[in-house]
Amino acid sequence: MCFSAEASFAASGVLAASSVAISRVPKEKSSVPLALIPTIFAAHQFIEGVLWLHHDGVLPDAYKQGAVYAYVFIAYILWPAFIPFAVYLTEPGRRRRAVILLCQAAGLGVGLSLMLANLGTPPDVFANCCSLSYQVNAPDMMMGPYLFAVAVPFLVSSRKGMVLFGVAVAVSCAVAAYMATAATFPSVWCFFAAVLSGGLYLHFYLEARAVTGRASMNASRGALAG
């Protein structure tokens, strides 16, 4: 699969549209952080589009370093901390919440460790065939806790739509690992995960329909009882 500025900007546009659609679906306040995931991914893909434009010579060097820092921050530090938090707020099950808290601890540890590891080593990026290769000080031992933090919260959720999304994220991780090198893996996987996050609209839509259906059924029962 060939990645490019066009692919990144197209993904960003689709995710922005998905974010607008999600914002119009009635939802609980606790679901707002989860609903922001496609929005953050839209910004993430837009940033990578900017980096592609720099690589293609369309944008000057002045745009590069800030975009690299922003991309690396979201990919390596924000996601492992934010995703368990967002899923935790939507989960009513006590035991499942306990597992998600473990994911949260792992995510915070990974994010903090990667941030400290890169304080003295500015990240960089260059094109490697058809994807961007990020030069980040990220030890291989961090991969396991990182995946635990970003995938398991969805997989242990009591909501079917969330579990299906978690399975899709895990499969996309395996595909990205097969396709990419260690340096290009973040770019490839984040692209796949970004596209998949647009599917969260279906989760919110079906949840809203279920709530509406239950409300109508209860109203009907009340009318019959009266």
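A: From the N terminus on, the elements run α-α-α-α-α-β-β-α-α-α-α, a total of 9 helices and 2 strands, where helices (H or I, at least four residues) and strands (E, at least two) are DSSP runs numbered from the N terminus. This is a predicted model, in which local features need pLDDT of at least 70 and side-chain atom pairs count only at pLDDT 80 or more, while totals for chains, interfaces and linings use all residues. Residues are numbered from 1 along each chain as its sequence is written, and side-chain values use heavy atoms, with hydrogens and water left out.

Two packed helices are described by the angle between their axes and the distance between the axes. For helix α4 (residues 64-90) and helix α8 (residues 185-197), the axes come within 11 Å and cross at roughly 75 degrees; the axes are lines fitted to C-alpha atoms over the stretch in contact, with angles running from 0 to 180 degrees between N-to-C directions. The helices α4 and α8 are therefore roughly perpendicular to each other, a term that covers 65 to 115 degrees. Y71, A75 and Y76 of α4 make the contact with P186, S187 and C190 of α8, contact meaning heavy atoms within 4.5 Å. By class, this contact of α4 with α8 has 5 nonpolar, 1 polar and no charged residues, where Ala, Val, Leu, Ile, Met, Phe, Trp, Tyr, Cys and Pro count as nonpolar, Asp, Glu, Lys and Arg as charged, and the others, Gly among them, as polar.

As for the whole protein, the C-alpha trace spans about 70 × 35 × 30 Å along its principal axes.

Terms used: Parallel < 35°, antiparallel > 145°, perpendicular 65-115°, else oblique.
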